[in-house]
Amino acid sequence: PGSLVCVGLGMMLGAHIGPRARSQIEQADVVFVAVSDPVVELWLQQMHPDVRSLQPHYAEGKPRHQTYRDMVESMLVEVRAGRTVVGAFYGHPGVFAKAPHDAIAQARREGFAAHMEPGVSAEDCLYADLGIDPGRLGCQHYEASQLMFYRRRIDPSAYLILWQVGIAGDRTYRRFATGPEYRRLLVERLREDYPADHPVTVYEAATLPITQPRMDTVALRDLPDTPLHMHSTLVVPPCEALQRDEIMLARIEALERAEA
Ligand code: SAM
């Protein structure tokens with residue numbers, strides 16, 4: 001019977017792939033690949049004779065949900081044909097990525113074995129490059145557009161990471177970039193929780209061993225005129241100290257006294 005495994009290739013070419021992902025790729029009948037860099041596709045082609053790009057499903061003007069449906073269907077066709085299928089995605093296949101989750105769920109609904117192998121995501125690289133431990137003060141992750149479309153409660157005493165900031169505010173789901181006017185609205189939303197001169201960092205992990213990560217820190221007010229790309233992530237450090245919960249602390253103290 002056919003099967004599906006979605007694996008993560010990590011962010012940096014050749015540097016982050018795990019042994020399990022590598023052996024899944026080597027043992028597959030067919031490997032589908034969705035990566036942002038054509039060089040990564042070439043690298044994968046050296047690992048397997050039948051590597052098929054999912055990239056052509058992306059097109060300017062085509063709704064992204066249609067792109068994801070087409071990607072899922074391409075993989076499922078081969079699973080249904082009884083083949084061992086691998087979907088190889090850059091980063092972690094389950095982090096801010098719809099097609100791998102959908103493909104696995106669909107394969108399972110149709111009775112096929114399907115699972116995910118985690119990978120090194122942009123988030124992991126960010127912690128390493130920027131020296132952030134998400135456990136120290138806490139860390140919130142949102143898609144930038146979702147933060148604009150919905151009322152979310154930001155905790156300004158924790159880190160805030162905004163994904164897909166380069167297309168913040170895009171409701172067409174067809175664009176590869178939104179302009180400064182959209183970013184001005186994002187800044188307006190963030191100004192509800194952060195001062196205008198708050199430092200924010202545009203982060204782009206290195207994807208080749210010969211390149212350096214981008215880590216550009218600007219004042220929040222200057223974000224609209226800062227160049228952003230499809231692969232930019234925005235890091236907003238806390239602007240407030242942790243607030244003690246005096247009531248909870250008093251109750252814990254009471255427990256401690258009772259135990260003494
Ligand atoms: N699955 C991917 C991962 O594990 O990192 C994330 C895919 S998501 C569709 C695309 C978003 O991931 C981008 O908008 C950006 O926020 C982030 N991203 C992708 N490549 C990046 C890079 N090289 N550096 C920083 N963030 C990146």
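Modeller: This is a predicted model. Start with Tyr 90. Leaving aside neighbours within four places in sequence, Tyr 90 is in contact with Leu 9, Gly 10, Met 11, Ala 34, Val 35 and Ser 36.

Biologist: Where does Tyr 90 lie?

Modeller: Tyr 90 sits in the loop between strand 4 and helix 4.

Biologist: Is Tyr 90 buried, partly exposed or exposed?

Modeller: Read the relative accessibility against two cut-offs: under 20% is buried, over 50% is exposed. Tyr 90 has 42%, so it counts as partly exposed.

Biologist: How far apart are Tyr 90 and Cys 125 in sequence and in space?

Modeller: The two are 35 residues apart in sequence. From C-alpha to C-alpha, Tyr 90 and Cys 125 are 13 Å apart.

Biologist: Now the whole chain. What secondary structure does it have?

Modeller: The protein chain holds nine helices and ten strands. Its C-alpha trace spans about 60 × 55 × 35 Å along the principal axes.

Biologist: What share of the residues is buried?

Modeller: Of the 260 residues in the protein chain, 45% are buried. The accessible surface is about 13600 Å². Carbon and sulfur atoms account for 52% of that surface.

Biologist: How do I describe a pair of aromatic rings?

Modeller: Give the distance of the centres and the angle of the planes. Here the count comes to one aromatic pair. Phe 96 and Trp 163 are stacked, at 4.3 Å centre to centre with 10° between the planes.

Biologist: Which parts of the chain does the pair link?

Modeller: Distant parts, 67 residues apart. Phe 96 is in the loop between strand 4 (84-89) and helix 4 (98-109), while Trp 163 is in strand 7 (residues 159-163).

Biologist: What polar partners does the Ser 232 side chain have, on Glu 204 and on His 229?

Modeller: Look at the atoms on both sides. The Ser 232 side chain makes a polar contact with the Glu 204 side chain at 2.6 Å. A polar atom of the Ser 232 side chain also lies 2.7 Å from the backbone nitrogen of His 229. Beyond four places in sequence, Ser 232 touches Gln 164, Val 165, Val 202, Tyr 203, Glu 204 and Arg 214.

Biologist: And Arg 153: buried or exposed?

Modeller: Arg 153 has 79% relative accessibility, so it counts as exposed. Its place is in the loop between helix 7 (144-149) and strand 7.

Biologist: Which residues does Arg 153 touch?

Modeller: Not counting residues up to four places away in sequence, Arg 153 touches Gln 140 and Tyr 142. Glu 73 is 80 residues from Arg 153 along the chain, and their C-alpha atoms are separated by 36 Å.

Terms used
Residues are numbered from 1 along each chain as its sequence is written. This is a predicted model: local features need pLDDT of at least 70, side-chain atom pairs count only at pLDDT 80 or more; totals for chains, interfaces and linings use all residues. Side-chain values use heavy atoms; hydrogens and water are left out. Helices (H or I, at least four residues) and strands (E, at least two) are DSSP runs, numbered from the N terminus. Buried means under 20% relative accessible area, exposed over 50%, partly exposed in between (1.4 Å probe, protein chains only). Accessible areas come from the Shrake-Rupley method with a 1.4 Å probe; for residues, only the protein chains shown count as cover. A polar contact is a pair of N or O atoms within 3.5 Å; within protein, one must be able to donate a hydrogen and the other to accept it, and residues adjacent in sequence count only if both atoms are side-chain atoms. Contact means heavy atoms within 4.5 Å. Rings of Phe, Tyr and Trp (its six-membered ring) pair if their centres lie within 6.5 Å; planes under 30 degrees apart count as stacked, over 60 as edge-to-face and the rest as tilted.
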